[in-house]
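I set out to record what I looked up in this structure, one topic per entry. The entries follow the order in which I consulted them.

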Amino acid sequence: MFTLAEVASLSDIQPTYRILKPWWDVFMDYLAVVMLMVAIFAGTMQLTKDQVVCLPVLQSTVNSRVQPDTAGKADFTTVETTTGQEEASMRTVSFAPTVTPDIFLSRATPSQYQPTESDQELKKEQKDSSGRKTNLDFQQYVFINQMCYHLALPWYSKYFPYLVLIHTIILIVSSNFWFKYPKTCSKIEHFVSILGKCFESPWTTKALSETACEDSEENKQRLTGAQSLPKYVSTSSDEGSPSASTPMITKSGFKFSADKPMIEIPSVTILDKKDGEQAKALFEKVRKFRAHVEDSDLIYKLYVGQTVIKTVKFIFILCYTANFVNTISFEHICNPKVEHLIGYTQFECTHNMAYMLKKLLISYISLICVYGFICLYTLFWLFRIPLKEYSFEKVREESSFSDIPDVKNDFAFLLHMVDQYDQLYSKRFGVFLSEVSENKLRGISLNHEWTYEKLRQHVSRNAQDKQELHLFMLSGVPDAVFDLTDLDVLKLELIPEAKITAKISQMTNLQELHLYHCPAKVEQTAFSFLRDHLRCLHVKFTDVAEIPAWVYLLKTLRELYLIGNLNSENNKMIGLESLRELRHLKILHVKSNLTKIPPNITDVAPHLTKLVIHNDGTKLVVLNSLKKMTNVAELELQNCELERIPHAIFSLSNLQELDLKSNSIRTIEEIISFQHLKRLTCLKLWHNKIVSIPSSITHIKNLESLYLSNNKLETLPAAVFSLQKLRCLDVSYNSIAVIPVEIGLLQNLQHFHITGNKVDILPKQLFKCVKLRTLSLGQNCITSIPDKVSQLLQLTYLELKGNCLDRLPATLGQCQLLRKSGLVVEDHLFDTLPSEVKEMLNQDTGIPFANGI
């Protein structure tokens, strides 16, 4: 037989799983243990004491019916219900058949003995008694007792303990199957493990403590009111104030002031680096576990299924067990049909465990009834509310983490089960479902890693000799950044959770901000500071939604660079209509894929002096809006698939520089209209498909720079050399074979680039341009350099590499400003120069050179 400890181990579940066992499961487990004890107790009693005692029914007695049947039964019952000592005496009768019937009668009917009568009357009664000797030996009694045990005793009386044990084991297995089934136990094990770590994590305590502090601070602010406003907070509803849709961090009370910044409320607990790393790992585990568990409801279905099985089992046990309560009896009639062995056909038997079994059965039925009512309650709970949905509404109301999402399916069901144990678990677990909480943790870890000293090491000087800090792919903006008060340029790239706090008001030198794929959020005080101090802003984005709305409210902004997708479908969504608020905006740079210039850009046309549109190859069709930009001095339309010079440009009377780089322009006959652009000094038509230059170019009298490189020119017309103010001429990478002698007319020419052509002879008139500082003649077919190169006394850069030269003229030594660093030529040609010339060229005078591009 099983011991109680061995059987009870079947219901053992890991202690950590107790949080998933509601009170009814725990109560049913205790009921199952009690039922196990009933089964074991009944089985033990049955093995040690379960037996029947049978006596033959004498035929003469039955036929004569000397005594009524009821009296016989009463006497028989009296015999069988005697104490253990009397039962032993009864068994002695079987061992000693020589005992007289009188003695047997006197023991069988002790109740008839009357001590007040005389001995003679007693002897007379004993002689008249009907009891007789059976003449059965011990083996016959043993045989008939065992035979009648199986024939006369009901089967339920014999197998009751085993049925109770089997039923109880089935109920225990049904209760704990969802903890053992492979498809569910793995999820449950992970959930319990994560839940325990989340509950005990120091970050949970810190986050909830900060929430409590914030709540108390907000209450204090509401009670005291806004007695004083920060310096940079605008109290008026002027046009520069942010709208309701502006993505800013708004609070009931400001943490920072321009005059006296408020110190953040210290947290109750200190989170060290190790705890921070563990908390970040927990956030990742919770995110992955949620994605894994929310896609199915197997745990819920399995729990409902096993509850239904237990309910059906309860009904089944109750129905068939109730019928056997009355079948358990103390007296039984046995007809073994072994008269040829015993000599008797009928026996009257007694079952000495009958009363005990009946009481145990009633107790078992009572336990089953209680168990069944609990199963019904469980079913009621399962279907009363939708357990496949779980809302953290109360947690959101009680904490500052209003972004905790609702969960579904098995994840929701597990949380409902946990609530039956303790709702505090769900509340603390919800902290790890909040992105706000995760961002706070990242901020703390970020501040631990990026200290002021480390940030100072990353500050560098840019080309404009400004102090610049570039932060790339961080989880946020470290607080120590705002302590770099002497910083001029701040670049934030790929920081999706960037937050600019009010401490930025300390950075009085900051005038340029770069946001590359970084939809930064700003606090109200920080916005007020940026609105009044920021001069240059670069925004690089993938989607329009990444452009912070507060960008269009920076009233002192001078330069705005927008780099991203602004195609025609998204034009309606662009907030460029708010550009009208940027009254000081001078430079607008849009690098996108526009099919037309958005009409909203013209809202700032009166203020713009420079407009740059860099397309990705998308054809720019509609350009009529350009006519309104009368103050634009610089216009760049690059890579816009333009085939001709847009007519709208001719209305820009203040235009000084026009750049039409990387288009598909083939002819520039419209250049005659540029005569109306009196201020045009720089024309860039490079990287197109231009085959010829019209003579009407002479009408652009004030032109100083002409860039025609990377086209399909074969000749240079004489009209080009009539531009007396021309200082820079770039015709590199064309198919020009001859440099016209008229080039000598350009007495103001300082930079001449004709690299990558087919020139073989340099005209002597070229060296009359004595103001030349840059001369690029590389990758041509030039065979010799005239000695008159010595006339170029201001020459600082000379490119000759890639020609057919066999020597260099010694007169290069007379170009006093030319140095080896500015002489681009093959090494073997440089070695042909005289030693004194080489020595002169190797001198380091520290004079910089420029190529003019």
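**Entry: strand pairing.** I looked up strand 3 (residues 331-334) and found that 4 bridges join it to strand 4, with the two running antiparallel. Strands here (E, at least two residues) and helices (H or I, at least four residues) are DSSP runs, numbered from the N terminus. Two strands pair if DSSP finds at least two bridges between them. I noted two bridge partners in strand 4: E348 is the partner of I333, and F347 is the partner of C334.

I then turned to strand 1 (residues 52-56), which 5 bridges join to strand 4, again antiparallel. Here L55 stands opposite E348 of strand 4.

**Entry: provenance.** The model is a predicted one, in which local features need pLDDT of at least 70 and side-chain atom pairs count only at pLDDT 80 or more, while totals for chains, interfaces and linings use all residues. Residues are numbered from 1 along each chain as its sequence is written, and side-chain values use heavy atoms, with hydrogens and water left out.

Entry: I recorded an open sheet of 3 strands in the order 1-4-3, with antiparallel pairing. Strand 1 and strand 3 are its edge strands, each pairing on one side only. From one strand to the next, the twist averages 25°. Helix 8 (residues 138-151) packs on this sheet and touches strand 1, strand 3 and strand 4. The direction of helix 8 makes about 115° with that of strand 1; axes are lines fitted to C-alpha atoms, for helices over the stretch in contact, and angles run from 0 to 180 degrees between N-to-C directions. Contact, here and below, means heavy atoms within 4.5 Å.

Is strand 4 enclosed or open to the outside? I found that 4 of the 5 residues of strand 4 (residues 347-351) are buried, so the strand is largely enclosed by the rest of the structure. Buried means under 20% relative accessible area, exposed over 50%, and partly exposed in between (1.4 Å probe, protein chains only).

**Entry: a helix pair.** I looked up helix 13 (residues 298-322) and helix 15 (residues 354-384), whose axes come within 9 Å and cross at roughly 150°. The two helices are therefore roughly antiparallel to each other; angles over 145 degrees count as such, those under 35 as roughly parallel, 65 to 115 as roughly perpendicular and the rest as oblique. Helix 13 passes helix 15 in a left-handed crossing, meaning that the near helix is turned anticlockwise from the far one by less than a right angle, whereas clockwise would be right-handed.

**Entry: nonpolar cores.** Which residues touch the most other members of the largest nonpolar core? I noted F674 and F752, in a core of 134 residues. Helix 21 (residues 524-533) gives the most to this core, with 4 residues. A nonpolar core is a set of buried Ala, Val, Leu, Ile, Met, Phe, Trp, Tyr and Cys residues joined through side-chain atoms within 4.5 Å. Residues up to four places away in sequence left aside, F752 touches, among others, L729, V731, I739 and I743. Another core, of 85 residues, lies apart from it and includes A39, L163, L367 and V418.

**Entry: S445.** I located S445 in helix 19 (residues 435-449). S445 counts as buried because its relative accessibility is 13%. Leaving aside neighbours within four places in sequence, S445 is in contact with G276 and K280.

**Entry: the loop between strand 19 and strand 20.** I found N688 in the loop between strand 19 (682-684) and strand 20 (705-707). At 6% relative accessibility, N688 counts as buried. N688 and R666 are 22 residues apart in sequence, and their C-alpha atoms are 7.0 Å apart in space. The contacts of N688, not counting residues up to four places away in sequence, include L660, K661, N710 and N711.

H687 is placed in the loop between strand 19 and strand 20. H687 has a positive phi near 60°, in a residue other than glycine. At 32% relative accessibility, H687 counts as partly exposed.

**Entry: L494.** I noted a positive phi of about 55° at L494, although L494 is not a glycine. L494 lies in the loop between strand 9 (489-493) and strand 10 (499-500), and it counts as partly exposed at 34% relative accessibility.

**Entry: totals.** For the protein I recorded 23 helices and 25 strands. Buried residues make up 48% of its 853 residues.
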